[in-house]
Amino acid sequence: MARKPILAGNWKMNMDHLEANHLVTSLGAALADLGYDPEKSEAVVIPPFTDIRTVQTVIDADSLPIAYGAQDVSTHDEGAYTGDISTGMLTKLGCAYVVVGHSERREYHGESNELIGEKAKKILDAGMLPIICCGEALEVRKEGKHVEFVLGQIDAMLANLTAEEVAKSVIAYEPIWAIGTGETATADDAQEVCGAIRVRVGELFDEETAEAVRIQYGGSVKSGNVKEIMGKPDVDGALVGGASLKADEFAKIVCFDLI
Ligand code: PEP
């Protein structure tokens, strides 16, 4: 079965709730202007927690063809975890996706592959889908060890998931040196690692799971380079940071096959 491309905009710590309202409304209009067909690709926005209710309200009110999710989640259900947000809180807000293991969470919050795997399981148990991030730093790439490094992350993060769970998950390959730097991996670089991840999923689980799992590339994706990246056989989407903060630009990325 063909994998539906998934283009997700990670807003990071940007946009207050008024700006979020404006951005998602404008995105809906920009997608309509471009003739966006939700059967052909999936548009997802990942706002900060404080904007989720606003985004939900705008999307529901106008029946916009946009899914949404969160940037992180707790492994706990409730209780004395100041500052944390549970899966139950996110499902009540209609979230479909949760990003886990973004390199910024790994770097600033010390998140390990094991914790990220635990979060992914929790998200799946709650009926949402994880966008599980991986990617190497520049030093690792310079040593030529990027594939080995990323596959090590994959092994650890997927260790406690079933084949069925992995098949519906999304994996985002984001080389850290390409995030927010304007430095994009070439389409061939993206394919090399995304292809290796798919092979590893086949080895860890089975062929059916490898064929089903969607693998995104992330790192300075823009409307000008998305088409080439999406042309690679093992790249099923993009996780987009900076360019997702501009409605017209992100709409073009979502509609990469029309531009
Ligand atoms: C990201 O934060 O996941 C990302 C890929 O950012 P950018 O598109 O700005 O490089």
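**Exercises: a ligand site and a helix**

Lys-12 sits in the loop between β1 (6-10) and α1 (17-34); helices (H or I, at least four residues) and strands (E, at least two) are DSSP runs, numbered from the N terminus. A heads-up: this is a predicted model, where local features need pLDDT of at least 70, side-chain atom pairs count only at pLDDT 80 or more, and totals for chains, interfaces and linings use all residues. Residues are numbered from 1 along each chain as its sequence is written, and side-chain values use heavy atoms, with hydrogens and water left out.

**Exercise 1.** Work out whether Lys-12 is buried or exposed, and describe its phi.

*Solution.* Step one: the relative accessible area of Lys-12 is 18%, so Lys-12 is buried (under 20%; exposed is over 50%, partly exposed in between, with a 1.4 Å probe and protein chains only). Step two: its phi is positive, about 50°, though Lys-12 is not a glycine. For background, most residues other than glycine have a negative phi.

**Exercise 2.** Find how far a polar side-chain atom of Lys-12 lies from an oxygen atom of the ligand.

*Solution.* Step one: the distance is 2.5 Å. Step two: compare it with the cut-off for a polar contact, a pair of N or O atoms within 3.5 Å.

**Exercise 3.** Say where the buried residues of α7 fall around its axis.

*Solution.* Step one: list the buried residues of α7, which are His-146, Val-150, Leu-151, Gln-153, Ile-154, Met-157 and Leu-158. Step two: looking down the axis of α7, you find them within an arc of 155°, so they line one face of the helix. The arc is that of the directions from the helix axis to the C-beta atoms.

Conventions. A polar contact is a pair of N or O atoms within 3.5 Å; within protein, one must be able to donate a hydrogen and the other to accept it, and residues adjacent in sequence count only if both atoms are side-chain atoms.
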